[in-house]
Amino acid sequence: MAPKNDRVPRNQVVSELFAGRQEELAIIGLGSPVWDCTAVEDHPLNFPLWGAMGGAGMIGLGLALAQPERRVLVVTGDGELLMGLGALATIAAQAPKNLGIAVLDNGIYGETGGQLTHTSYGIDLAEMASGAGFSQTITAADEESLSRAIHMVRFEPGPVLAAIKITEDHYSYSPKVLPPRDGVVLKSRLREALLGADSLKE
Amino acid sequence: MLDSVNMSATIGSQNTKEWPEVIHGIFRSMRIRQVGYVPDSGHAKLIGACVDDPEIVSVPLTSEEEGIGLITGAWLGGQRGALLMQSSGVGNCMNMFTLATNCRIPVLVLVTMRGEWGEFNPWQVPMGQAASSAIELLGGLVYRVEDSTSVGPTVEAAAKVAFNTSRLVGVMLAQQLIGAKRFSGNSDGA
């Protein structure tokens, strides 16, 4: 596990990820990443997950393939990514140029009592994505590597993955900022914002 | 009932050439643009047709549950999707079916059945027997096809229900239709 001073605050990561946001689509894995991203903005082009753990990356892939001209960001935790590691292989095989994955890696299952995730035992998520065939990966743990990681995830040809070592804080904002819980609301508001009002009549 | 028929004549379908092409035609007419699959011998021809189709992005999955995420993302982006899997793969999808049920995502799943008609491998039976109920347990609708003439109408009807009512719909392609998998050293194939 990286020492604490080799980590960056999670709210800084998400605020830089969405700074000057244009038309990026964002799939957000369940748990603290959802509260963090929602605190920046409860944006209609966000699809925050309250369940389906392990599915964020694959939802990002389906969306990236359907919308090749739009940047798709997957923002998720280390525990969420670890539950669906096969997705790294599936994503790499499709090689979507518009997909960037940011892993907020605090090394713990923050929602369930702080049990250690596999990254705390030395599992290297960036190496795993690299081995799968992602075009670029990075592990970021300080200011300099963080700006490099943010740029990679937002702008560079995908698929890219940045494992960003964040502090263990459960979440950065108190009280938590929650998005809507109803899946139909979340789906419909994103489709309306992306595809227009007629999409609601499909 | 099985005792009254000649197993060797009935165990393999006479119509395996036809139905995969019929389903592929329905994918075209229903504007399905993403197809996720975990290979199964029963789906081999349909997978090949989808891979060869420039209008369809075919996505090999490492596990079937990835497909539910894929189709959810496709739908968020305005594209229709379908999944091809074997009955054992339905069990791998259980928690991910939450996406379809909770967000009302149209997901059309075509399941080639194992563990029923003339099965050789006992390990296929538990999940094969539970596959239809598993989809229904998580809120999906299930149709079943046992003969080749019903494939087209059933898959088309299932696709319409999935896309017109935004639901998880499974079509179970019965082992009578596909033909039981044959293992070398077992000339009965059963």
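Chain A has eight helices and eight strands. Keep in mind that this is a predicted model.

Start with the overall dimensions of chain A. The C-alpha trace spans about 50 × 40 × 30 Å along its principal axes. The radius of gyration of chain A is 16 Å. A compact globule of 202 residues would have a value near 17 Å, so chain A agrees with that. Of those 202 residues, 51% are buried. Now the contacts in chain A between residues at least 6 apart in sequence: 73% of them join residues at least 24 apart.

Next, the sheet of chain A. In what order do the six strands run? The order is β2-β1-β3-β4-β8-β7. The sheet is open and its pairing is parallel. At the edges stand β2, residues 46-48, and β7, residues 136-140, of chain A. Each of these two pairs on one side only. Neighbouring strands are turned against each other by 15 degrees on average, direction ignored.

Look at one pair in that sheet. Strand β3(A), residues 72-77, and strand β4(A), residues 99-105, are joined in parallel by six bridges. Within this pair, Val75(A) stands opposite Ala102(A). Helix α2 of chain A, residues 32-40, packs on the sheet. This helix touches β1, β2, β3 and β4 of chain A, and its direction makes about 130 degrees with that of β3(A).

On to the core. The largest nonpolar core has 112 residues. Which members touch the most others? They are Ala162(A) and Ile164(A). Helix α3 of chain A, residues 56-66, gives the most to this core, with eight residues. Take Ile164(A) as an example. Leaving aside residues up to four places away in sequence, its contacts include Val8(A), Val13(A), Ala102(A), Leu146(A) and Ala149(A). Asp105(A) is also one of the residues that Ile164(A) touches.

Now a loop residue. Thr117(A) sits in the loop between β6, residues 115-116, and α6, residues 125-132, of chain A. Is Thr117(A) buried or exposed? Thr117(A) has 21 other C-beta atoms within 10 Å, so this residue is buried; the cut-off is 20 or more. Beyond four places in sequence, Thr117(A) touches Asp78(A), Gly79(A), Leu82(A), Gly107(A), Ile108(A) and Tyr109(A). Asp105(A) lies 12 residues away from Thr117(A) along the chain, and their C-alpha atoms are separated by 9.3 Å.

Over to chain B. Here too we find an open sheet of six strands with parallel pairing, in the order β2-β1-β3-β4-β6-β5. The edges are β2(B) and β5(B). Each has a single partner strand, so one side of each has no neighbour in the sheet. The twist from one strand to the next averages 20 degrees.

Arg144(B) has Met172(B) in β6(B) as its bridge partner. Helix α7 of chain B, residues 125-137, lies across β4, β5 and β6 of chain B. This helix runs at about 170 degrees to β6(B).

Last, where the chains meet. How many residues does each chain bring? The contact takes 28 from chain B and 28 from chain A. On the chain B side, β2, α4 and α6 each supply at least two residues. The largest share comes from α4(B), with nine residues. By class, the chain B side has 13 nonpolar, 13 polar and two charged residues.

How values were computed:
Residues numbered from 1 in each chain as written. Chains lettered and ligands numbered in written order. Predicted model: local features only at pLDDT ≥ 70, side-chain atom pairs only at ≥ 80, totals over all residues. Contact = placed C-beta atoms within 7 Å. Helix = DSSP H or I, 4+ residues; strand = E, 2+ residues; numbered from the N terminus. Nonpolar A, V, L, I, M, F, W, Y, C, P; charged D, E, K, R; others polar. Pairing = 2+ DSSP bridges. Axes fitted to C-alpha atoms, helices over the stretch in contact; angles between N-to-C directions. Core = buried A, V, L, I, M, F, W, Y, C linked by C-beta atoms within 7 Å. Buried ≥ 20, exposed ≤ 12 C-beta atoms within 10 Å, placed from the backbone. Rg over C-alpha atoms; globule rule 2.2 N^0.38 Å.
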